[in-house]
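User: Hi! I'd like to go through a model with you, one question at a time. Could you take a look at it with me?

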Amino acid sequence: MTTTATPLAKTSGLPSYGSFPYTSGPPGRGRYSDRFFGHRSRRCGMVACCVLVLAGLIFISLRQSDDGGQILFDLSALMNSRGFGRVQKGGDLADFDGLGHYFAYTYPKTLLQVGALQFRTQMGAPCDNVVAQNQTIALTADNDDDKQQEEGTLLGALYLLVAVHHGTLLSAPVTVHYVDGTHGNTVLSVPDWQVGHLHQVRQLSLPWPVSTGAGGALFALPVHVDPRKAVRHVTLPSDPRLHVFGMTGYPASSARGGIKIVHARPTYYHGLKITLHNTHAETVGPFEVHLGKKHSSSALLSIHQQQQQQRRRHHHRVVVEAVPPGQLVSVTLPCDDGGAVTVYAGDRHSTFSDITFPSPEQCASITWLLLMLRDRDLDQHEAPAWLENAKFGIFVHWGVYAVPAWAPVGKEYSEWYWWQMNDPGDPTHAYHNSTYGPDFAYDDFIDAPGLGDALDPGDWLDLIDASGARYFVFTTKHHDGIALWNTSVTGRSLAQLGPRRDFVRELMDMAEAEYPHLRRGVYFSLPEWYHPHYDGRRLGWAGGPPRNPYTGAKIPYTGSAQARDFVNELQVPQALELIERFEPDVFWCDLGGSNNSSAWQLHYFQNRRPVAVNDRCGNGVSDFATVEYHRSLAVPDRFWEATRGIDPYSFGYNRATPPHQYASTRDLLLELVEVVSMGGNFLLNIGPDGSGSLPDVVSARLRDIGRWIRPRRHALFDTHMYWAAPTGYTTPQGVRVRFTAKPDGTLYLFLLDKPSAGDPVIVDVALPIVVVSSNSSSHAPPDKEERVNMSRLVSLPDGNVVDWTLDPQGRLVMNLSKTILALGEYIWVFELTNTPS
C-alpha cells in the first residue's frame, strides 16, 4: 500500500500533510490469527474510552521553545485499526491487542506531545492507527506537480509514535527512500505497551493508561533521515503487532537552527538527560549545552541572581564536540533545581516544566527521606551512569561448594551441588555416594583441609584488573546459607567455622585500598535451601531442615541461629550488614522468593549514593535486568547485564570440566561485544577451586581478554547503543557487524567475522557518514568525483586508514586491505569520525 502526503491547510502555524492511499482496504494479517488481528475494518467503526490517570511517573511538558517548524503528518487515510477507547462509552469496542484492551481516554486530543515532539492523532475517530504491513508513504511536496514529486521532501529528522503488544518487538526495519535512488534502514526495537520500569526504558515514551487499569505507554522512535537528500517515500515494517499512531518530522535546517532539543528527562541522581538531534546538512559542533532557569521577560535579574546563573552555567554544562547530520546525541547535566528548566544547546533553547527533585533540605530530613523513599524512590530508582558506562565486570563464585566441585559438564551448575546430591535422579546423588559415602553430609565440607588456604585477595584483584574489567561482584552467601563474612546474625559463617576467615572483609578492604578504580559488588542469596525456618513454597522448594539424601534422617544445619522469622530475623539483617560494613556499589540479589527487600533497599538508597540493585530481589524493585547463560537476540527494554562463566555451564569451579571445554577468548569477546552493542554490561564469572586458586586456563583467558581490550577500550567503555541499528547488521556474505557510539558522534564498527580477502564489506545501515560536494553546496551530487569525504574511517588499534566509498544505494562499502585483515585479532574494530564543517 502506498500513501502520498500532500499539503493541507495550515491551522496551527506548522506545516501539515494529509495522506491518501493509492489502494484501499486494510493490509493482510500475515502469520497471525484472526483472534488477535482479524476484523480490523469492523473495529475501526467503534468508539472507546477510560479514565486518564498518568501512572504516577515524572512528567515534563514543553512550555516554550524557539525550535519550531515541525511537520505533522496526517496518516488518517491509511489508518486501519483502533487503539484508543473512550471511558464514558465503555471503550466502544476499541481493540488494540486483539483481546479487547486499549489505550483509554476521557476526552480526545488532536495532538500528543513527547518532550518537544508533537504528533497529530485521530483519537476519537473510527480508526486511529496504522497496523504496519509494508505500507509505503510518499513524501512529495505537491501531488499534482511531477517536478515537485521528483524533488521530494528535505527532512532533518523523522519520528514515529508507535506501540506494540504481545511482548517486545525485536527488530522492525523502516526504510527511507531518497530521490537520488539511495535508501537508508533504521531498525526499530519497541518495548511492549505495558512494559514495567517505564522510567528506565531507553526510548522516548508517553505514559498512557490502559483499559485493564495498568499503566501503558506509546513510544516516539527516531527514523534516520539524511538532511542532505530529499526523501521520496518511507516504507513501514511488516509486523501486525506494530501500530503507528503518528508521524512527525523537522525539515532540514540551516546551521543556525540545526540542533533541535527533542527531549529532557529528570534522572534519579539529580540529572537532566537531554536528547539533541542535528537536522542540518553538515556536522554541527563543537557547541555548549547548559541549563538555566526561566524568568519573566519583564523582570530584571538582580546581580545576585545573575551571579547564580553564571555559576550554574559554569558547573552545569557540557561541550558536544560534533553531531553528524541526521544523528542523535544524549547528554546528562546535573540539575539542582526543579520547576521550569531551560535547556540551551548552542544558539537553541527550550524550556521544560515540572522537573521535580527533592531539595537538599528535604534530603537532610530523615523522616521526609524515608517517606519519599517508601512512596516514590523505590519505584523511581535507576542505574547510575558509572554502571552503564562500565560495560565489563567479573563475577567471582567461591564457597564451600568449591570443595566437592562437581557436576555433569555443560549440563548443571556445580555450585548447586548440595541441591543436586539430594535428588536421587540426579548424577550428583550417585557421585557423592561413591566418592564420599552416604554418611558424609554437605556441611562436612566446611572443615575440609585446605579450604581457602591459597585464597589471596591480591591475586584475584590483580587478575580482575588485568582483564580490563571495571567492577566485580563477589558471592558473600550462596543458597547453602554459609556466609563468607563475620556475620553477627548467625553462626553459619566461614568466619566462625572451618577456616575462620572473613573473606568478604579481606577482599573489599584490599579493593578499596589498592584498586580504588574498581567498583565493588556483593552477591547475596535471599533464600537458603534448607534453613529450618525458610518457607520455600514460593520457589517450589520443600525447605528445611536438611536430611540425609540416602537415609532420610534429619541432619544438623551447622551454626544456624534460632530465627523463626527467616526474612526479618536473618535475611534483612544480613543484607543490612553487607551494606553498612562494605558499602557495595552493586547489590546483586539472587532467586527472590520470600523477602522484605524494600526494608534494606530503603537504607541502601539513602543519601543518593550511585548504587544499583539487580532484578532478583523479589519485590519488583531493580535498576537493571539480568540474563544468565543466554545470548539475547533482542535489545532488552532497559539497561541490562548478561552473565555467564568461562566454564561451559557452571559458575562454581567444576573439577570435571577439561581445559579444552572452557570458552575460548574469541567466544568470550564476541559475547562481550554483542552485549555492549545492545546497551548491556557483560559480567563474566570465574570460579576458584576449594583452595582459592584459579585454574590456569581461566587466568589465561582473563589476561588475553584484557590484552585485547586495552588498545580498543575507547570502542567499548563509555559508549552507548547505536540507535539506528541496535541489533547490528549481517552482510549478504554473512559478516556480522555490530556498533557502539560515543556522545561526541564517533561510531565504532565491529566485524565479528573475518571477511574474505578481496571482498568488499557492504553495510546497509544508516550511518553518520558525511560527504559534501566540492563546491560547498548543501546537496551532494551523485557523481563520486565531485564529493569530499568529511568522515574518516580507521582500523583499531593500529590506526590504518580504511579505503571506503558509498555505492549508488548509499551503502557503506569498505575495501579492507590484506594488512588490515592480517592485523585484526578475534574481532576487527573500526572507528568512524567526522570533521565539523
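This is a predicted model: local features need pLDDT of at least 70, side-chain atom pairs count only at pLDDT 80 or more; totals for chains, interfaces and linings use all residues.

User: How many cavities of 30 Å³ or more does a search of the whole structure find?

Analyst: Residues are numbered from 1 along each chain as its sequence is written, and side-chain values use heavy atoms, with hydrogens and water left out. A cavity here is a set of points, on a 1 Å grid over the protein atoms alone, where a 1.4 Å probe fits but cannot get out. With 30 Å³ or more as the threshold, the search of the whole structure gives five cavities.

User: How much space lies in the largest cavity, and which residues are the closest to its centre?

Analyst: A volume is the space filled by probe spheres set on the grid points, which are joined across faces, edges and corners. For the largest cavity that comes to about 100 Å³. Lining residues have an atom within 4 Å of a point; there are 15 of them, and the closest to the centre are Gln327, Leu328, Ala741, Lys742 and Gly745.

User: By class, what does the lining of the largest cavity have?

Analyst: Ala, Val, Leu, Ile, Met, Phe, Trp, Tyr, Cys and Pro count as nonpolar, Asp, Glu, Lys and Arg as charged, and the others, Gly among them, as polar. On that scheme, the lining of the largest cavity has 10 nonpolar, four polar and one charged residues.

User: Which residues lie nearest the centre of the second largest cavity?

Analyst: The second largest cavity holds about 80 Å³ of space. By class, its lining has seven nonpolar, six polar and one charged residues. Of the 14 lining residues, those nearest the centre are Asp647, Tyr662, Ile686, Gly687 and Val698.

User: Why is the disulfide of Cys589 and Cys617 right-handed?

Analyst: A disulfide is a pair of cysteine sulfur atoms within 2.5 Å, and the search of the whole structure finds one. In Cys589 and Cys617 the sulfur atoms are 2.1 Å apart. The disulfide is right-handed because the torsion about its S-S bond is about 80°.

User: Is Thr719 buried or exposed?

Analyst: Thr719 is located in the loop between helix H15 (696–709) and strand S33 (720–721). Buried means under 20% relative accessible area, exposed over 50%, and partly exposed in between (1.4 Å probe, protein chains only). Since its relative accessibility is 3%, Thr719 counts as buried.

User: Which residues is Thr719 in contact with, leaving aside neighbours within four places in sequence?

Analyst: Contact means heavy atoms within 4.5 Å. A polar atom of the Thr719 side chain also lies 2.7 Å from the backbone oxygen of Leu716. Leaving aside those sequence neighbours, Thr719 is in contact with Asn389, Lys391, Val676, His714, Thr740, Ala741 and Lys742.

User: What is phi of Lys391 near?

Analyst: Lys391 sits in the loop between helix H7 (385–390) and strand S25 (392–396). At 3% relative accessibility, Lys391 counts as buried. Its phi is positive, in a residue other than glycine, and is near 70°.

User: What is the length of the polar contact that joins the side chains of Gln420 and Glu412?

Analyst: Gln420 is part of helix H8 (residues 417–421), and with 8% relative accessibility Gln420 counts as buried. A polar contact is a pair of N or O atoms within 3.5 Å; within protein, one must be able to donate a hydrogen and the other to accept it, and residues adjacent in sequence count only if both atoms are side-chain atoms. Between the side chains of Gln420 and Glu412, that contact is 3.4 Å.

User: Where is omega of the cis peptide bond from Gly285 to Pro286?

Analyst: Pro286 is placed in the loop between strand S19 (271–278) and strand S20 (287–293). The peptide bond from Gly285 to Pro286 is cis, and its omega is near -5°.

How values were computed. On a 1 Å grid over the protein atoms alone, a cavity is a set of points where a 1.4 Å probe fits but cannot get out, and a pocket is an open set with protein on both sides within 12 Å along at least five of seven lines; lining residues have an atom within 4 Å of a point. Helices (H or I, at least four residues) and strands (E, at least two) are DSSP runs, numbered from the N terminus.
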